[in-house]
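Please examine the structure shown below. The report that follows describes a helix, a surface patch and a loop residue.

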Amino acid sequence: TTLFPSQVLSCVLDPLLQMCTVSASNLGSADMATFMVNCLYMMKTTLALFEFTDKRLEMLQFQIDAHLDTLINEQASYVLTRAGLSYMYNTVQQHKPEQGPLANTPSMDSASLKAAMVQFDRYLSAPDNLLLVQLNFLLSATVKEQIVKRSTQLVCRAYTEIYAAVMNPANEYKEPETILHRSPHQVQTLLS
């Protein structure tokens, strides 16, 4: 019997993929995603040297992208939590107009928001200080940059929603511009 290159590739790659998946199965989500991205990245860079591997390269990239999404969401969540915006963002997302003004919601008063903004300003002054430890273990600097960029976009989107809610007169914040003194555009500029 003659084996085609794609069959040989399957005989090597499928067990390797399975072994990586099994090895990662007991890790936390960020650790698992980092491990899998590194494994898949190494397979992809090795296979890229051969002409007959296009379908496999595409499949590996699809799997890398799925794990990247996990890391992007984990990084954004990490920043929102450490920068003091997580509670505010969740409250804004779940708040319904019939619940009354947002300013009357527990921990959403002006003083609480101003305190959170002090934390957020610290993040804005040094965003590289709030990186998931797992990102330092990625083999590809390009992949790490992509995660940071896309997670920063999620953080900016969250701030934009918070900003819109605080500026909305229906939420009854007095002098809202003294609570959130940066516009979403300014935040985006500082983080890019």
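Helix α3 covers residues 54-82, and its 29 residues should span 42 Å at 1.5 Å a residue, which agrees with the 41 Å between its end C-alpha atoms. The expected span is 1.5 Å times one less than the number of residues. Helices here are DSSP runs of H or I with at least four residues, numbered from the N terminus. This is a predicted model, in which local features need pLDDT of at least 70, side-chain atom pairs count only at pLDDT 80 or more, and totals for chains, interfaces and linings use all residues. Residues are numbered from 1 along each chain as its sequence is written, and side-chain values use heavy atoms, without hydrogens and water.

Among the buried residues of α3 are L57, L60, I64, L68 and L71. Buried means under 20% relative accessible area, exposed over 50%, and partly exposed in between, with a 1.4 Å probe and protein chains only. After α3 comes G84, with a positive phi near 80 degrees.

The loop between α2 (29-47) and α3 holds F52. Together with L49 and F50, F52 makes a nonpolar surface patch of about 350 Å².

H95 lies in the loop between α4 (86-94) and α5 (110-125). Two loop residues are set out below.

| Residue | Relative accessibility | Class |
|---|---|---|
| F52 | 45% | partly exposed |
| H95 | 18% | buried |

A polar atom of the H95 side chain lies 2.8 Å from the backbone oxygen of G100. Beyond its neighbours within four places in sequence, H95 is in contact (heavy atoms within 4.5 Å) with G100, P101, L102, T105 and N171.

Technical notes
Polar contact = N/O pair within 3.5 Å; in protein donor to acceptor, adjacent residues only side chain to side chain. Patch = residues over 30% accessible without salt bridge, like charges linked within 9 Å, V, L, I, M, F, W, Y side chains within 5 Å. Areas by Shrake-Rupley, 256 points an atom, 1.4 Å probe, with all protein chains shown as cover. Salt bridge = Lys/Arg side-chain N within 4 Å of Asp/Glu carboxyl O.
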